[in-house]
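Trainee: I am new to this one. Can we go through its charged side chains together?

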Amino acid sequence: MAQTRTQTQTRPGTESSRQTGDRVKARALLRTHGETYAEQAGIALRDTPSPLYRLLVLSMLLSARIRADVAVASSRALSDAGMKDARRMADATWQQRVDALGVGGYRRYDERTSTQLGQGAELVLNEYGGDLRRMREDPRTAERLREVPGIGPTGVDIFLREAQEVWPEFGPYFGKKAQQGAERLGLPKSPSKLAELVPERDRARFAAALVRAALDKKVVEDAREAA
């Protein structure tokens, strides 16, 4: 008697086909916009004091109501002016910080932000010896981040989203803005499901790309065209 062979096929609309389609979208998004904001700001993120502090400053700037490109440019300008760690930020004068922010185009809140940068640098020095890795060891890291002047819930979200690249215990981290981007792309909003779409090493870049998708519809169009 001839044996009947049963072949398993992926049918449109099945869970398997949806996951395959989602992975295709995720790869396309990574190809077109897969750069972290830290990378855009010229920060080679490592688990060392200076890059982590520069990420903290970038997170504060990005959380203000200004364009992301201005925040990134201002972060670069502060670093170019030598303010790459908490000690040098604290030692800079208020006017030097204002001037550097102005070079980056950050003028709307420059005076208040200069004050907050100085206060934040002093806090990081006094509480953590200038080394945010000590904050990582605290079981209430998110709460500790919010103690830094200028860092609110949005700033915490940005910092941990980007830091998961070197602090993997905080991942998979896909905050509200990243989830909004996922929704615009027709991807699942659950952080655990989003994490399944890319290798662990790409999660921070994927999360940043999803944030860009939430902020700019052209990012969504680019990803769809590339898929």
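Trainee: Which residues gather in a patch of positive charge on the surface?

Mentor: This is a predicted model, where local features need pLDDT of at least 70, side-chain atom pairs count only at pLDDT 80 or more, and totals for chains, interfaces and linings use all residues. Residues are numbered from 1 along each chain as its sequence is written, and side-chain values use heavy atoms, without hydrogens and water. A patch takes residues with over 30% relative accessible area and no salt bridge, like charges being joined within 9 Å. The positive surface patch is made by Lys25, Arg184, Lys217 and Arg224.

Trainee: Is Arg184 buried or exposed, or in between?

Mentor: Arg184 sits in helix H11, residues 176–184 (a DSSP run of H or I, at least four residues). Buried means under 20% relative accessible area, exposed over 50%, and partly exposed in between, with a 1.4 Å probe and protein chains only. Arg184 has 36% relative accessibility, so it counts as partly exposed.

Trainee: How many residues apart in sequence are the parts that Glu39 and Arg205 tie together?

Mentor: Their side chains form a salt bridge, 2.6 Å from N to O (a side-chain nitrogen of Lys or Arg within 4 Å of a carboxyl oxygen of Asp or Glu). Glu39 is in helix H2 (residues 37–40) and Arg205 in helix H13 (residues 203–215), so the pair links parts separated in sequence by 166 residues.

Trainee: Is Arg144 buried or exposed?

Mentor: Arg144 makes a salt bridge with Asp138, with the closest N and O atoms 3.1 Å apart. Its relative accessibility is 15%, so Arg144 counts as buried.

Definitions and conventions:
Patch = residues over 30% accessible without salt bridge, like charges linked within 9 Å, V, L, I, M, F, W, Y side chains within 5 Å. Areas by Shrake-Rupley, 256 points an atom, 1.4 Å probe, with all protein chains shown as cover. Lys, Arg positive; Asp, Glu negative; His and termini not counted. Charge placed at Lys NZ, Arg CZ, Asp CG, Glu CD. Helix = DSSP H or I, 4+ residues; strand = E, 2+ residues; numbered from the N terminus.
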